[in-house]
Every structure is written in structure tokens, then in C-alpha cells.
Amino acid sequence: MARTRPFFLLAVALTLSGFASFAVVIGLVPLMHARGADATTAAWALGLGGAGQTLGRTLYAALARRTSVTTRTMALITAGAATTALLGLVPGPIPFLVVLAVLAGVVRGNLTLLQATAVADRWGTGQYGRLSALLAAPVTVATSLVPFTGAALAGPLGGYPALFLLLAALSLTAALLSLGTNTPRPSAESV
């Protein structure tokens with residue numbers, strides 16, 4: 001299964017999405033500062049985004065019951081692209097940016113559970129450990145590069161708003177790739 005096209009596309013999609021969503025977390029305070037927020041307000045936006053992650057996780061089960069795994073993957077990654085693009089495009093007011101940060105957190109919370117269930121939802125639990133490790137490895141490497149890469153790109157791009165637009169484009173690319181991750185439902189023997 002790890003050598004199949006759906007698995008490869010899923011790994012690339014989750015890696016791009018993971019990089020982008022983690023870069024939003026790391027870049028949120030400088031973005032808010034660039035938009036005129038003081039350090040305390042920017043920190044509150046980051047913290048409330050974290051609260052949004054927790055809220056988002058409470059919504060995942062209902063979403064999973066109502067959508068196919070491919071639809072859910074594409075929709076959540078697209079939602080990540082949308083919230084990231086809005087953070088990059090909307091100059092204010094600051095309270096609205098805080099609301100966007102919370103919404104981005106809600107999406108991130110769902111993306112966390114999406115990644116955790118991606119293997120079992122597509123291929124069952126028979127090889128869950130090995131396949132999940134193979135899926136998580138590139139995501140982990142990509143997110144470990146975010147603190148350096150995001151800051152390094154912000155300057156040449158013209159600031160954090162432009163960086164967020166690039167991150168949104170990465171997420172949108174990931175969403176498109178996720179359309180190729182459809183697999184047959186796991187059989188009883190693979191579970």
C-alpha cells in the first residue's frame with residue numbers, strides 16, 4: 001500500500017498542508033504585528049487559535065460521519081488554504097483577525113485528526129503502525145523546517161502577508177493532490 005499512487009499523493013498532500021498550517025502558527029504573531037497589533041494582542045490571537053484547535057477536534061467525528069475520506073481530506077485542506085489566504089489578505093480590524101486566527105485553529109484541530117485517521121480510514125488497521133509512520137515522516141521533517149523557512153521567506157516575499165498567501169497556495173495544491181487519494185473502503189480482513 002505504501003507504494004501506491006494514493007498513498008504517495010496523500011503523503012505529499014499532508015506534507016504540504018502540514019508545512020503550511022504549522023507555518024501559520026509560527027508566523028501568526030509577526031503577521032499580527034505587521035497588521036498593527038501589539039505583542040499582547042498577537043499573543044492572545046495565537047492562544048485563541050490554540051483554543052480553536054481544541055474546539056475543532058470536537059467537531060471531527062460529526063464531519064467524519066457525514067463525508068467520505070477523500071471529500072473530508074480535500075475540504076479540510078481547502079479550509080486551511082482559505083483561512084490562511086484570508087489572514088494574508090485582510091488588513092484588519094484586529095478583532096476580525098483574531099476571529100480568523102480562531103477559525104484557522106479550528107481547521108488545524110481537524111487536520112490533526114484527519115492525519116491520525118488517514119491510514120485506518122483508507123487501508124484499515126492491519127498495517128496501521130508502519131503506514132502511519134511512513135505517512136508522518138515527511139510531515140514531521142517539513143514542519144521541523146518551518147521556523148527557519150517561514151522567517152527566511154517572509155523577507156524576500158515582502159512580509160508575512162505575502163508569506164501567508166504563498167502558504168495558502170501550498171495548501172490549495174495539497175487539496176488538489178488529495179483528490180487522487182481515493183481508495184476502496186477497507187475490507188473486514190484489513191481491519
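The model is predicted, and local features require a pLDDT of at least 70, side-chain atom pairs count only at pLDDT 80 or more, and totals for chains, interfaces and linings use all residues. Residues are numbered from 1 along each chain as its sequence is written, and side-chain values use heavy atoms, with hydrogens and water left out.

The protein contains six helices and zero strands, where helices (H or I, at least four residues) and strands (E, at least two) are DSSP runs numbered from the N terminus. Along the sequence the pattern is accordingly written α-α-α-α-α-α. The radius of gyration is 17 Å, close to the 16 Å given by the globule rule for 191 residues, so the protein is as compact as a globular protein of that length. The radius is taken over C-alpha atoms, and the globule rule is 2.2 Å times the number of residues to the power 0.38. The C-alpha trace spans about 55 × 35 × 25 Å along its principal axes.

Of the 191 residues, 43% are buried; buried denotes under 20% relative accessible area, exposed over 50%, and partly exposed the range in between (1.4 Å probe, protein chains only). The accessible surface amounts to about 9000 Å², and carbon and sulfur atoms account for 71% of it. These areas come from the Shrake-Rupley method with a 1.4 Å probe, and for residues only the protein chains shown count as cover. Among contacts with a separation of 6 or more, 81% join residues 24 or more positions apart, a contact being heavy atoms within 4.5 Å.

Grid points are joined across faces, edges and corners, and a volume is the space filled by probe spheres set on the points. The largest cavity has a volume of about 80 Å³, and two or more lining residues are given by each of helix H1 (5-34), helix H3 (69-89) and helix H4 (94-123). Its lining includes Ser17, Val24, Gly80, Thr83, Val107, Arg108 and Ser171. By class, five of the lining residues are nonpolar, six polar and one charged; Ala, Val, Leu, Ile, Met, Phe, Trp, Tyr, Cys and Pro count as nonpolar, Asp, Glu, Lys and Arg as charged, and the others, Gly among them, as polar.

The largest pocket has a volume of about 240 Å³. Among the residues that line this pocket are Leu14, Phe22, Gln53, Arg108, Gln115, Val139 and Thr143. H1, H4 and helix H5 (128-157) each supply at least two residues of the lining, and H1 gives the most, with five. The pocket lining divides into four nonpolar, seven polar and one charged residues.

Phenylalanine 7, located in H1, is buried at a relative accessible area of 4%. Beyond its neighbours within four places in sequence, phenylalanine 7 contacts Met1, Ala2, Trp123, Leu131, Leu134 and Leu135. Methionine 32, also in H1, is buried with a relative accessible area of 0%. With residues up to four places away in sequence not counted, methionine 32 touches Ala37, Ala42, Ala45, Ile94, Leu97 and Val98. The C-alpha atoms of methionine 32 and isoleucine 94 are separated by 7.8 Å, although the two residues lie 62 residues apart along the chain.

In the loop between H3 and H4 stands proline 93, and the peptide bond from glycine 92 to proline 93 is cis, with omega near 5 degrees. Most peptide bonds are trans.

Valine 107 belongs to helix H4 and counts as buried at 10% relative accessibility. On the same exclusion of residues up to four places away in sequence, valine 107 touches Leu76, Ala79, Gly80 and Thr83.

Technical notes: 1 Å grid on protein atoms, 1.4 Å probe; cavity = no way out; pocket = protein on both sides within 12 Å on 5 of 7 lines; lining within 4 Å.
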